[in-house]
Amino acid sequence: MCMLSTAAAAEGPKAGGVINAVIQPEPPSLMMGLVQNGPTQMVAGNVYEGLLRYSPKLDPLPGLAESWSVSEDGKVYTFKLVKGVTWHDGKPFTSADVLFSIEFLKQTHARARGNLAQLEKVEAPDESTVVFTLKQPFGPFIGIFEVGSLPMIPKHLYEGTDFKTNPANNTPVGTGPFMFREWQKGSFIRLVKNPSYHVKGKPNIDEIYWHVIPDAAARSVAYETGKVDVLPGGSVENFDVPRLSKLKNTCVTGAGWEFFSPHSWLWLNNRSGPTANKKFRQALMFAIDRNMAKDVVWNGLGKIATGPSGSAIKYYTNAVPKYDHDPAKAKALLKEAGYKGEKVRMLPLPYGETWQRWAEMVRQNLQDVGINVEMIATDVPGWNQKVSEWDYDIAFTYLYQYGDPALGVGRNYVSSQIAKGSPFNNVEGYSNPEIDKLFADGAVAFPDAAREEIYAKAQKILVEDVPVAWMLELQFPTITRCSVKNLITTGIGVNDGFRDAWIEK
Amino acid sequence: MISFIAQRIAKAIVVLLALVVMNFFLIRMAPGDPAVVMAGEAGAGDQLFIAQLREKFGLDQPLPVQLFLYVKGIVSLDLGFSFRQQMPVSKLILDRLPATLLLTGTAFAISLAFGILFGALAARFAGTWADTAITIAALIFYATPLFWVALMAILLFSVTMDWLPSFGYETVGAGYTGLAHVLDVAAHLILPATTIGLFFMATYVRMTRASMLEVSRLDFVKTARAKGLSDAVIQRRHVLRNALLPVVTLAGLQAGTLVGGAVLTETVFAWPGIGRLMYEALLQRDYNLLLGVFVVCSAMVLAFNLITDLVYRSVDPRIEFAA
């Protein structure tokens, strides 16, 4: 018997089957070129594709491009596209679609616009070749071709139309392993296998149902009662994870977040109030018990953040000043800072129970060293507004890092990114010419060894200055039935689509 | 009667327009706007991105202009466009309205039927153990938070006993048709409808009981008894019929709130109704959609009030129409 089952397992992927997954909240649209929120990326990553995919170590893998080369001066990137790829409506996918997608995304996709800022021109010498020429070497460039950052958009459906009101937005057409079939708003989204997918033998799964279940407890129950098989990271409250993990035939993995590396910190208002004082900010770092928060609030998931960069992304170093939990040191620093019990306003992140509890814990830590904390309750739009308008002293947040310090880290610390009205730039108002220069140089330094040195220096300075209080590298575990195999194979996890997944009968 | 209805409808339209204007300003008083929410969900957003969204939503226009355009739309029965969902508001609402009407309609029917039945029983057996049991049960269901009852019902009937589905409107992907589909939807309907129903039922029980006890002490009941009518006939034709008037008033008021009142239940049971649509629109500051749901709910409240007045008259022919 034992021999038999090993033999069966070694036979490899089985075709067929249906996967029921949870999507939370319901995406506003599946047109990935226009909408980039988390749920949209998670569902539409099955429908659309990028030129490249990325391994868990963030090395580029073939996607719609089968091979690529970089010129010696680091300025010219040449991509060879996979031949014979078709859109879901049967039209061929060619280099013209790539050129069109670049123009499309420059207009509609804030992050793509930033990523493409160093682009001088893009050309298509033939149907299956695309050549990107940069103004100067830009190290992170090879990292911007993932499906959520640069999805390919069908030229034949969008050229010459008003992108935002194009009726095609409601029936997304991509080149991906699954095709959009049905969307009952408020209930479910149904995707079906793309029979003419360009990777032979893929996908294995016939259908995917994404169930919209708004209540976190109800999502847990849906899994428990066997109605769904996949709970993507973040779809249940953290305190439910240990319980669900113990259920029969249940597998849990923290993999698949390497590219995003959600990094959480407290925005500290560097402009005014006690938090404008560096000593006060350092005192905060010593006052907060991050280990306990990790163990109690996050059930041991995640990692203590050591600085501005997460440990999974490029050029990370832990050779930086350390801030262990030390209330005595915190009190001494507060005294040095001349803190006299002024009120500080703290904004928790209104993303559910876990975040609320975390904020309460931090408030307790701060009160223990004598900081006078006032908690401000908001909903998501209110939080966005307060943070965007710098109307806070301490605010919880977490941001994605996109694999490279030039893409997802620098934006939080350089002074050119100080602008009212957006909660995704240098909200804390930290301004240091040396840091500005290091990040500017780091983005365009060549080769990679030069970048490494620059970012090591930047991380050290930032950790000394504490512009924000780094908390945890978050981990959002994906919970599945163990019979669902090969679901997560790349650094963007579930967002990369279910092309390799299969179900063990 | 026709002129009564016409006058009431004319009044209702004026009230509705006033509500639209009031809601318009109320929503915009909340901090945050849809552009920043959408940028937030995208995980990034530069100034240009947010400015583009504001322009798309028409939020770059002065407030009076926005109001004028909105009211102009409403007058021509156009509820506007939800930029977030990329769909006309009226389509979004019409897609969800049937599910809500089914849920709340069933809940309403359950609560009214059982509420009056148990209320009448409690009054009939006032002071006995049956009365005490009914009254206590009603109080418990009235005092317990809806979402808690919902979660306990799920725990008991879905997780432990596995009798009823815990979420959704139908079994997704089962492809049922005809009677099988009806039964499938009915199975999904039982838990959420009962949860809402129990809460409203409690008020009808209390109201019917109190009202019946009051009426049964009146002179005409004594007369009926003196005439030698049977107890069952007295209770049904003389006491209950007269006691129902305040219950109809209450039911009319509650029928209006049923649409918006299902937010919690729809959320816990993932019921694809209008309550959830409204809640999500609020969290995303999807102004047009939120206003649209408000307009539809208000219109329904007004319609239910009108229907209540008509029902009133059929219950008690002494009441005359006066607009």
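1. A disulfide is taken here as a pair of cysteine sulfur atoms within 2.5 Å. The model is a predicted one, and a search of the whole structure returns one such link over all chains.

2. The partners are A:Cys251 and A:Cys482, with their sulfur atoms 2.0 Å apart. The link of A:Cys251 and A:Cys482 is right-handed, with 110 degrees about the S-S bond.

3. A:Cys482 has a relative accessible area of 22%, so A:Cys482 is partly exposed. In chain B, B:Cys297 has a relative accessible area of 13% and is therefore buried.

4. Turning to the interface, 45 residues of chain A are in contact with 42 residues of chain B. About 3700 Å² is buried between chain B and chain A, 59% of it on carbon and sulfur atoms. Of the area that chain B buries against chain A, 16% is supplied by B:Gln86, B:Phe167 and B:Val172, more than by any other three residues.

5. How many salt bridges does the rule find across the interface of chain B and chain A? There are two. A salt bridge joins the side chains of A:Glu26 and B:Arg96, at 3.6 Å from N to O. The rule also finds four residue pairs in polar contact across the interface of chain B and chain A, with both residues at pLDDT 80 or more.

6. On the side of chain B that touches chain A, at least two residues each come from helix H2 (34-41), helix H3 (47-57), helix H5 (89-124), helix H7 (146-160), helix H11 (263-268) and helix H12 (274-283) of chain B. H3(B) gives the largest share of that side, six residues. By residue class, the side of chain B that touches chain A divides into 20 nonpolar, twelve polar and ten charged residues.

How values were computed
Residues numbered from 1 in each chain as written. Chains lettered and ligands numbered in written order. Predicted model: local features only at pLDDT ≥ 70, side-chain atom pairs only at ≥ 80, totals over all residues. Heavy atoms only, no water. Contact = heavy atoms within 4.5 Å. Buried area = accessible area lost by both parts, 1.4 Å probe. Salt bridge = Lys/Arg side-chain N within 4 Å of Asp/Glu carboxyl O. Polar contact = N/O pair within 3.5 Å; in protein donor to acceptor, adjacent residues only side chain to side chain. Helix = DSSP H or I, 4+ residues; strand = E, 2+ residues; numbered from the N terminus. Nonpolar A, V, L, I, M, F, W, Y, C, P; charged D, E, K, R; others polar. Buried < 20%, exposed > 50% of the residue type's maximum accessible area, 1.4 Å probe, protein only.
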